[in-house]
Amino acid sequence: MRGPLPGILLALLAFALFSTHDVIVKLLGRSYAPFQIIFFSVLFSFPISTFALMRDRTEANLKPVHPKWVVARTLSAVTSSICAFYAFSVLPLADAYAILFASPLLITLLAIPVLGEKVRLRRGLAILVGLAGIIVVLQPGQAELTLGHLSALVAAICGAFSSVVVRRIGAKERALVLLLYPLMANFVFMGAILPFVYQPMPVEHLGGVALVAFLAFMGMTCTIAAYRRAEAALIAPMQYSQILWAILYGALIFNEVPSRTTLIGAGIVIASGLYIVFRESRAGASDNRPVLRSRSRVATPGAMRIGPLMRLRRSGS
């Protein structure tokens, strides 16, 4: 196949894999704390990640050029992982996705102070409309807001901040630093908490966590392949296909039927995110293109960030 179609199909496959990843996290979350699931998923991802990181031939140490930004990004990545895994464990899948879909809006908003991005009237209105969609999903004053809803929102905010920081320091920071620090931080932090939350895991549940790590890696691999075959403006919107998987998996596995309000709110958020993506793709509309260059997905601590990994692979080829 020629043209962008292979890239689009690979992106759809990637987000189908990520959605399956989230389903297993939700199933495991019935029995185990997010800290334990993340610890073992990162542990199982180490052998796969090691082969990817071995491609770096740069003769340098792992001391960051911008230590404060690297620490801030690492902390936000760890927080995002914990909150996202908890949200998937306790919320209906459609509700969790509807809130996490706010990430492009938040990236655009955070790019103003961090990157000096100039957001004009149209993108500014898109942000406001998208945030209104989140309010529709949450229904403050009408529906009970839980810790799960707050966790999903914090995960979206922290994930967006992490993406914007990578955009700020990525050109000067060594790719290996951007890839390795969050991975190690997740492993060390979750390992420190593990003794306080650990529950014995039978073999089938350990296999489930290994599958989480494998799906994260395969989703990451398909995403990289997608971005190499099609423009970012065509690939980025494919993330919203996850709402279809949320409805399907929710109905078949968890007996979940998203409410009309959730679907309306999700539709508003998706429409706003799509507008921002297509607006950024127009010449002169954005100085930094923070959303289009934020290729990674929230809630996959077992997968490394797409942008630095693509840069690492280019340098190693």
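Me: Which handedness does the crossing of α3 and α7 have?

Reply: A crossing is left-handed if the near helix is turned anticlockwise from the far one by less than a right angle, and right-handed if clockwise. The crossing of α3 and α7 is left-handed. This is a predicted model, in which local features need pLDDT of at least 70 and side-chain atom pairs count only at pLDDT 80 or more, while totals for chains, interfaces and linings use all residues. Residues are numbered from 1 along each chain as its sequence is written, and side-chain values use heavy atoms, with hydrogens and water left out.

Me: At what angle do the axes of helix α3 and helix α7 cross?

Reply: Helices (H or I, at least four residues) and strands (E, at least two) are DSSP runs, numbered from the N terminus. Axes are lines fitted to C-alpha atoms, for helices over the stretch in contact, and angles run from 0 to 180 degrees between N-to-C directions. Helix α3 (residues 67-90) and helix α7 (residues 147-169) have axes that cross at roughly 150° and come within 7 Å. That makes α3 roughly antiparallel to α7; angles under 35 degrees count as roughly parallel, over 145 as roughly antiparallel, 65 to 115 as roughly perpendicular and the rest as oblique.

Me: How do the residues of the contact of α3 with α7 divide?

Reply: Ala, Val, Leu, Ile, Met, Phe, Trp, Tyr, Cys and Pro count as nonpolar, Asp, Glu, Lys and Arg as charged, and the others, Gly among them, as polar. In the contact of α3 with α7 there are 18 nonpolar, seven polar and two charged residues.

Me: How do the axes of helix α1 and helix α9 cross?

Reply: The axes of α1 (residues 5-28) and α9 (residues 203-229) come within 8 Å, with a crossing at roughly 160°. This makes α1 roughly antiparallel to α9, and the crossing is left-handed. Their contact has 20 nonpolar residues, seven polar and one charged.

Me: Is phenylalanine 15 buried or exposed?

Reply: Buried means under 20% relative accessible area, exposed over 50%, partly exposed in between (1.4 Å probe, protein chains only). Phenylalanine 15, in helix α1, counts as buried at 8% relative accessibility. Its C-alpha atom is separated by 8.9 Å from that of cysteine 222, which is 207 residues apart along the chain.

Me: Is leucine 244 buried or exposed?

Reply: Leucine 244 is exposed, with a relative accessible area of 59%. Leucine 244 is found in helix α11 (residues 242-253). Between the C-alpha atoms of leucine 244 and alanine 16 the separation is 9.5 Å, and these residues are 228 residues apart along the chain.

Me: Where do the buried residues of α6 fall, seen down the axis?

Reply: An α-helix has 3.6 residues a turn, so residues three or four places apart point the same way. The buried residues of α6 (residues 121-138) are Arg123, Ala126, Ile127, Gly130, Gly133, Ile134, Val137 and Leu138. Seen down the axis of α6, they fall within an arc of 135°, so they line one face of the helix. The arc is that of the directions from the helix axis to the C-beta atoms. Exposed residues Leu121, Leu128 and Ile135 are on the face turned away from the buried side of α6.

Me: What is phi of alanine 299 near?

Reply: Most residues other than glycine have a negative phi. Phi of alanine 299 is near 85°, a positive value. Alanine 299 lies in the loop between α12 and α13 and is buried, with a relative accessible area of 4%.

Note on methods: Expected span 1.5 Å × (residues − 1).
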